[in-house]
Structures are given as C-alpha cells and as structure tokens.
Amino acid sequence: MFLPIVLCVAGLALILLGANYLTDGAVAIAKKLNVSEMVIGLTIVAIGTSMPEFVVSVISAASGQYDISVGNVVGSNIFNVFVILGVVALIRPVPLTPNNIKRDLPLCLLSSIVLWAACSTNLLDGTTVNTVSRSNGVIMLCLFVAFMYIMLRSSRSDIGSEEETTDKKPTPIWLALIMLIGGFAGLIYGGEIFINNIVVIAQKMNISERVISITIVAAGTSLPELATSVVAMLKGRNSIALGNVVGSNISNIFLVIGASATIHPLTLSGIGQLDLMMVLLAPIALFVAAWTLGRNHINRVEGALFLACYIGYMVWLLMK
C-alpha cells in the first residue's frame, strides 16, 4: 500500500507542474497569434486536458467495457462543472462574458442534449437496450469539427472582453510551444500514474469496479482539467480556467464518445437517467449562475452550491 500512495503523490505533483507550464505556454501562444485566451482554453487546452478521457474511453470501447467508456465521460463532465468550477469559484469568482453566455454555454448545453439523446434510445425508439450507435458516433465527430470551426471563426471576438495583464517579458514562440507540449505530457503522464495507483488502492480497500469506474476513474481523468483551471485562476487567467472546463465537456462528448462509438457501438447497462440528467444539469446550472446571485459571475456561494450538488450525487451513487 505504501508504494501506490507514494506514486499517487508523485503523479499529483507532475500534474500540477504540467498545469503550470501548460497555462503559461497557452497564454504566450494566444498573444503571439492574437487569439483570445478563451478560444485557446476552449480548443487547444481543453482538447489536451481531455486526452486522459479519450485514452480511457477509446480503450474501454475497443475492449468491450462500454459502461466504463461512457461512464468515464459522464462522470468527468459532472466533475468538471460541479467540482472544478466549484473549487475555482471558491478561490475567486469566475466572470462570464457575453460570448460565454450567448455562444459557449449554449454549445455546452447542446452537447449534453446530444449525449442524452444518444444514450436514451430505449425512451426515444422503444429499444430494450440503450446503445450509442456507430452512426451517432460519426454525427458527434462531425459536430466536433463544427465546434472547432465556430471557435476558429470567432477566435478574435473575445479579446476585447478579456482581462488585461502585462508580462514582464514576452515568451518566444518556440519556448511557448515547448512549455505547452511539456505541460500536456506532464498532465497526461502524471494522470496515468495517479489513476493506476488510486485504482490499486481502491481495490485493496474492496471498492467495487462499478464505483471505481464512475467515480475514481472519472475524477482521475479530470485531474488535468482541475489542475489547469485552478492554476490558471491563481495566475489571473480567468478565460483559460472557464474555457478549459466548458471546452473539455464539449470535447468529451463530441470527440471522445464520438470516436469511441465509431470504433464500436456502445451498449449501455449501468448508466442511468439520473446520471445523464446530471450531465444536462451542469450547463443549466451555469446559465442559472449567470443570471442570479453573482450575475455574469459564478460567485463563492454558487461555487459552494456546485460542490454540495456533487457531494449529494456521490452519496446517492455510493448508496445505490
């Protein structure tokens, strides 16, 4: 038990180090290319931090573990909003720009609706078993391409609304690329070390495989998003912190589930309607936060409510 614990700590350290370099590299590249930090967060950073989910889900789909493939994304998307943004908002209120409210959050809600529809075939067409078909997977991949196109088309529209910060010395583009790639490598490799060893610890504690896959694996593959968003917020890069979460949720559904279902149709048995409803609730909660207590911010009270919502869901899941 001692060695897995040490390796878990080492994995976390590598994740935090990777998040630090990834954030700095992404900001430097955004400035060099005159692209908004929000779009960088929604695309490059979000896709990079979604690679653990991609690897886990694709491998699970190829090996016939379909519930793990979908459950990993479902759990990660719930974790991303209710835990990551909850923690970030407790550190510092998260501002929401008009483009976030009019463009990014609707796209996040759309992706959640697509996931629900793809995973609810027994309700929509009367089939006995829920299956994400190969054709649905192809449609999701096409929607991912459309999402990237929209982001690239609007790549400069966010710049005027972002926070102004001045760096002491501009980072050379070659160094920024090294920081970005190195940060991704640290996040993915550190996440792999952490996940493998936390699963060993959970198994030694006799925790069931179902609970491990939906909770520990999902939270573990979201560690890159958590580390990146927290580090970005501490550095004053609010756009990257929010864009990373929203973009990761969209990428998890359109890219990760799309690729997994294209490889092999995903037959589901353990993913229920409440799990899918929680994924739908996440972007809805962001809309509510934008128009209530903090108005155009996710404030500390709302951050605490997000965390309480996730804790309630975990209690239900463990008692089920």
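Which two side chains meet in a salt bridge here? They belong to Arg103 and Asp104, with 2.5 Å from N to O. Keep in mind that you're looking at a predicted model. Here's a quick tour of that contact and of some aromatic pairs.

**The salt bridge**
- The structure has one salt bridge, and Arg103 and Asp104 are the partners.
- Arg103 has a relative accessible area of 13%, so it counts as buried, the cut-off being under 20%.
- Asp104 is buried too, because its relative accessible area is 2%, and buried means under 20%.

**Aromatic pairs: Phe82 and Phe306**
- Searching the whole structure turns up four aromatic pairs.
- One of them joins Phe82 and Phe306 in an edge-to-face arrangement, with 5.7 Å centre to centre and 85° between the planes.
- This pair ties together distant parts of the chain, as the two residues are 224 residues apart.
- Phe82 sits in helix H4 (residues 66-91), while Phe306 belongs to helix H13 (residues 300-319).
- Both Phe82 and Phe306 are buried.

**Aromatic pairs: Phe144 and Phe147**
- For Phe144 and Phe147, the ring centres are 6.4 Å apart and the planes are at 45°, so this pair is tilted.
- You'll find Phe144 and Phe147 both in helix H7 (residues 134-153), three residues apart, or about one turn of the helix.
- Phe144 and Phe147 are both buried as well.

Methods: Residues numbered from 1 in each chain as written. Predicted model: local features only at pLDDT ≥ 70, side-chain atom pairs only at ≥ 80, totals over all residues. Heavy atoms only, no water. Salt bridge = Lys/Arg side-chain N within 4 Å of Asp/Glu carboxyl O. Buried < 20%, exposed > 50% of the residue type's maximum accessible area, 1.4 Å probe, protein only. Phe/Tyr/Trp six-rings, centres within 6.5 Å; stacked < 30°, edge-to-face > 60°. Helix = DSSP H or I, 4+ residues; strand = E, 2+ residues; numbered from the N terminus.
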